[in-house]
Amino acid sequence: MSFRIFTKVWQRRTRNNSTVLASFSRTFSQLSSRPSFGVAFDIDGVILLGNAPVGGSLRALRRLYDDAGRLKIPYIFLTNGGGFPEYKRAFELSQLLGVDVLPSQVVQGHSPFKQLVNRFENELIVAVGKGEPAAVLTEYGFKNVLSIDEYASCFENIDPLAPYKKWTTKLVADQNTKFKDGDSRNDVCSQRVHAAFIVSDPVDWSRDIQVLCDILRTGGLPGRNIGPQPHLYFANDDLEYQTAFPSERLGMGAFRIALESIFNRIHSSTLEYTSFGKPHPSVFKNAEIVLQQLILPPCHDLRDVNDMNTRCFKTLYMIGDNPSVDIRGARQAGHPWFSILTRTGVFKGKENDNNFSADLVVDTVEEAVDYILRKECTS
Ligand code: G3P
Ligand code: MG
């Protein structure tokens, strides 16, 4: 499907987002029909391995919709992954999983970056990672964003290894309308970078570590004098995660360790940064609000999930594959979270995890959904 048609389809879909959301909440408008439980699905290692559905995830998700395709059980995808705007990821998941996923049902590692827009709205910031990291931040409202590919392409010789890489960033610069001429590139070089955002798993570690050190050591002006460190944000701190390869792959947390140990060796002060994503309790607090928004009429006051009166879920199920991330997070968040650990991802043990034991361990997500629907006695 060409991007233009895709965009059209998508604009129609996202436009419908609010109407579909309204129909959701209409479905649950009668208190009696409002389910007292909701589900948060991790993606890598639970629903997908790479882009391949795993553990009967297609059948499992279909049981959350009625025969007319209307959502019966409120659920979200709660992933530390990312790299594309939520509306694009929702479309991709709908294609892969054969169900209608709304943008509001997709919560990614970088989703909380939205809270930082007021702070850096017009400041030059650099977005790092696979996919479309700059488009993600622009979608949130940041107005002066460059991907690290674009940013690095403005500095001759900043990556001494570029000549040895089949892919080069030079291409980006030549093709990029943002840099119509040398002046606009020079303009970038003289602008101070106020923050760097690691949106998704970095692709070119050597170049990214080099350029980030250049930015972070010089107050945001690579090649210039040492200066105060600009802000640095990571969407998650996962050391490893499960994808299509039999054993775990290095995650964003591994990149953070590499960057931090190198930076601390070549710089007088240690690296300062903020990590988001599971297992932070704020992710689960926000997830509860997002699930409520799925079932409560838009006018309903959602602000205080701590206020038992407004809290409408008795149980929220977190289905994850990584004990130190998904299960630890749900346990730390406490009531109403119930943690379910699958064996299709990082965890492959017979019993439970020794460090972060889950409330329930199952082989697959299909088994997890079956358990939830039987326990909540919903067919
Ligand atoms: O890069 C994503 C990975 O670290 C974990 O993703 O879906 O298992 O939270 P997920
Ligand atoms: Mg996972």
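This is a predicted model: local features need pLDDT of at least 70, side-chain atom pairs count only at pLDDT 80 or more; totals for chains, interfaces and linings use all residues.
User: Which residue in β7 stands opposite Val126?
Analyst: Leu146 takes that place in β7. Residues are numbered from 1 along each chain as its sequence is written, chains are lettered from A and ligands numbered from 1 in the order in which they are written, and side-chain values use heavy atoms, with hydrogens and water left out.

User: How many bridges join β6 to β7?
Analyst: Three bridges link β6 (residues 124-128) with β7, and the strands run parallel. Strands (E, at least two residues) and helices (H or I, at least four) are DSSP runs, numbered from the N terminus. Two strands pair if DSSP finds at least two bridges between them.

User: And which residue is the bridge partner of Val126 in β8?
Analyst: In β8 the partner is Ala196. β6 and β8 are paired in the parallel sense over five bridges.

User: What is the strand order of the open sheet?
Analyst: The five strands are ordered β7-β6-β8-β9-β12, with parallel pairing. At the edges are β7 (145-147) and β12 (274-275), each of which pairs on one side only.

User: Is β8 mostly covered or uncovered?
Analyst: Mostly covered: of the six residues in β8 (residues 193-198), five are buried. Buried means under 20% relative accessible area, exposed over 50% and partly exposed in between (1.4 Å probe, protein chains only). β8 also pairs with β9 (residues 231-234) in the parallel sense, over four bridges, and there Phe197 stands opposite Tyr233.

User: What is Phe197 in contact with, leaving aside neighbours within four places in sequence?
Analyst: Its contacts (heavy atoms within 4.5 Å) are Phe113, Leu116, Phe120, Ile125, Val126, Ala127, Val128, Leu137, Phe142 and Tyr233.

User: Which residues of the largest nonpolar core touch the most other members?
Analyst: Phe197 is one of them, together with Phe113, Leu137, Phe142, Tyr151, Leu212 and Leu259, in a core of 47 residues. Helix α9 (residues 205-217) contributes the most to this core, with six residues. A second, separate core of 31 residues includes Ile43, Leu61, Ile340 and Ile372. A nonpolar core is a set of buried Ala, Val, Leu, Ile, Met, Phe, Trp, Tyr and Cys residues joined through side-chain atoms within 4.5 Å.

User: Turning to α13, which of its residues are buried?
Analyst: In α13 (residues 365-375), Val365, Ala368, Val369, Ile372 and Leu373 are buried. Seen down the axis of α13, these residues fall within an arc of 125°, so they line one face of the helix. The arc is that of the directions from the helix axis to the C-beta atoms.

User: What covers them, and what follows the helix?
Analyst: The cover of the buried residues of α13 includes β1 (37-41), α2 (57-62), β13 (315-320) and β14 (337-341). Cys377 follows α13 and has a positive phi, near 40°.

User: Now the metal. Which residues coordinate the magnesium ion?
Analyst: Asp42 (OD), Asp44 (O) and Asp321 (OD) coordinate the magnesium ion (ligand 2), at 2.1 Å. Donors are N, O and S atoms within 2.8 Å of the metal (3.2 Å for Na, K and Ca); water is not among the atoms, so sites may look incomplete. In sequence the donor residues are spaced D-x1-D-x276-D.

User: Is Asp42 buried or exposed?
Analyst: Asp42 is buried, because its relative accessible area is 5%. The C-alpha atoms of Asp42 and Asp326 are separated by 7.5 Å, although the two are 284 residues apart along the chain.

User: Where does Asp326 lie, and what does it touch?
Analyst: Asp326 is in helix α12 and is buried, with a relative accessible area of 1%. Not counting residues up to four places away in sequence, Asp326 touches Asp42, Lys278, Phe284, Met318, Gly320 and Asp321.

User: Which other residues of α12 are buried?
Analyst: For α12 (residues 323-333), the buried set is Pro323, Val325, Asp326, Ile327, Gly329, Ala330 and Ala333. Among the elements covering them are α11 (281-295), β13 and β14. Just after α12, Gly334 has a positive phi of about 75°.

User: Finally, how many helices and strands does the protein chain have?
Analyst: The chain has 13 helices and 15 strands, and 53% of its 379 residues count as buried.
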